[in-house]
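Here is a short report for a reader new to this structure. Look over the sequence and the fold first, then read on.

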Amino acid sequence: MSIWLARIFERCRSPEERFVALVSPHIRRMYRMAFRWTTNAAEAEDLVQDVLISLLPKVAQIEKVERLGPWLIKVLYRRFVDLYRSRQASPIDETVCVEGDEFFAPTDCDNYRRLELRRALNRALRSLDGPWRDIVLLHDVEGYSAIEVADILEINIGTVKSRLHRARKKLKKILAEETFSVSHACQEAER
């Protein structure tokens, strides 16, 4: 297809259709980050919806963004800070596990050990200061590069690297102090 023909078809699409095409591949990641920050499914949905509604009239600007995924997370983070940071909500819910894109509440002994490890990590993450926790969540959990994290949080790359190093060191120390044991119910079930 020639370039001029593609441009004609592009002009025929409504702004809403263009917006959906641009943003829909990023909604799951936006929701995951919103959920981690708010620890509440309804609040996470509201946060993502609030951001998407505010961006809908700006389709032309969004089309010019080179790396849309990190940019959307940056917008989401700013909105989260505006609305929720004052509440000092924890970004982690111990009763919920995140496996890929799915959220579930483990109920059987097969998941118990994994749940205990996640809970230990969640407790360790909660013990971190907010800025350190945000960097760990964005970099180690969501997989953003240090440069992208610096852009999202609007801080220097050196600050990201040093906070990430310190946060990992603190997490390692906290997790090394944790002791893990199998519950009595699971021991009985395994016999």
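## Terms and overview

A residue is buried when its relative accessible area is under 20%. Contact means heavy atoms within 4.5 Å. The model described here is predicted.

The protein chain holds eleven helices and two strands. Read from the N terminus, the order of elements is α-α-α-α-α-α-β-β-α-α-α-α-α. The chain has 191 residues, and 35% of them count as buried. Take the contacts with a separation of 6 or more: 69% of these join residues 24 or more positions apart.

## Helix H6 and its neighbours

Helix H6 covers residues 68–83. It has 16 residues. From first C-alpha to last, H6 reaches 22 Å, close to the 22 Å expected at 1.5 Å a residue.

Which residues of H6 are buried? They are Leu68, Gly69, Pro70, Leu72, Ile73, Lys74, Val75, Leu76, Tyr77 and Phe80. These buried residues pack against several helices: H2 (15–23), H3 (27–38), H4 (41–55), H5 (59–63), H8 and H9 (146–153).

Leu22 lies in helix H2. Its relative accessibility is 25%, so Leu22 counts as partly exposed. Leaving out residues up to four places away in sequence, Leu22 touches Val59, Ile62, Glu63 and Leu68. Leu68 is also one of the buried residues of H6. Leu22 and Ile62 are 40 residues apart along the chain, with their C-alpha atoms separated by 7.9 Å.

Gln49 sits in helix H4. With a relative accessible area of 46%, Gln49 is partly exposed. Gln49 and Ile27 are 22 residues apart in sequence. In space, the C-alpha to C-alpha distance between Gln49 and Ile27 is 9.7 Å.

## Where H8 meets H10

Two packed helices are described by the angle between their axes and the distance between the axes. Helix H8 spans residues 130–141, and helix H10 spans residues 157–177. They pack at an angle of about 95°, with their axes 9 Å apart. Angles of 65 to 115 degrees count as roughly perpendicular, so H8 is roughly perpendicular to H10.

Which residues make the contact? H8 supplies Pro131, Trp132, Ile135, Val136, His139 and Asp140. H10 supplies Val160, Arg163, Leu164, Arg166, Ala167, Arg168, Lys170 and Leu171. By class, the contact has eight nonpolar, one polar and five charged residues.

## The annotated stretch and Glu154

UniProt lists residues 143–170 as "domain: HTH luxR-type", in an unreviewed entry. Over residues 143–170 the model is 79% helix and 0% strand. The end C-alpha atoms of this stretch are 20 Å apart.

Glu154 is found in the loop between H9 and H10. Is Glu154 buried or partly exposed? At 49% relative accessibility, Glu154 counts as partly exposed. Its phi is positive, at about 55°, although Glu154 is not a glycine.

## Leu175

Leu175 has its place in helix H10. The relative accessible area of Leu175 is 28%, so the residue is partly exposed. Leu175 and Leu117 are 58 residues apart in sequence. Their C-alpha atoms are 9.2 Å apart in space.

Definitions and conventions: Residues are numbered from 1 along each chain as its sequence is written. This is a predicted model: local features need pLDDT of at least 70, side-chain atom pairs count only at pLDDT 80 or more; totals for chains, interfaces and linings use all residues. Side-chain values use heavy atoms; hydrogens and water are left out. Axes are lines fitted to C-alpha atoms, for helices over the stretch in contact, and angles run from 0 to 180 degrees between N-to-C directions. Helices (H or I, at least four residues) and strands (E, at least two) are DSSP runs, numbered from the N terminus. Angles under 35 degrees count as roughly parallel, over 145 as roughly antiparallel, 65 to 115 as roughly perpendicular and the rest as oblique. Ala, Val, Leu, Ile, Met, Phe, Trp, Tyr, Cys and Pro count as nonpolar, Asp, Glu, Lys and Arg as charged, and the others, Gly among them, as polar. The expected span of a helix is 1.5 Å times one less than its number of residues. Buried means under 20% relative accessible area, exposed over 50%, partly exposed in between (1.4 Å probe, protein chains only). UniProt positions are given in the numbering used here, feature names are shortened, and annotations may be inferred rather than shown by experiment.
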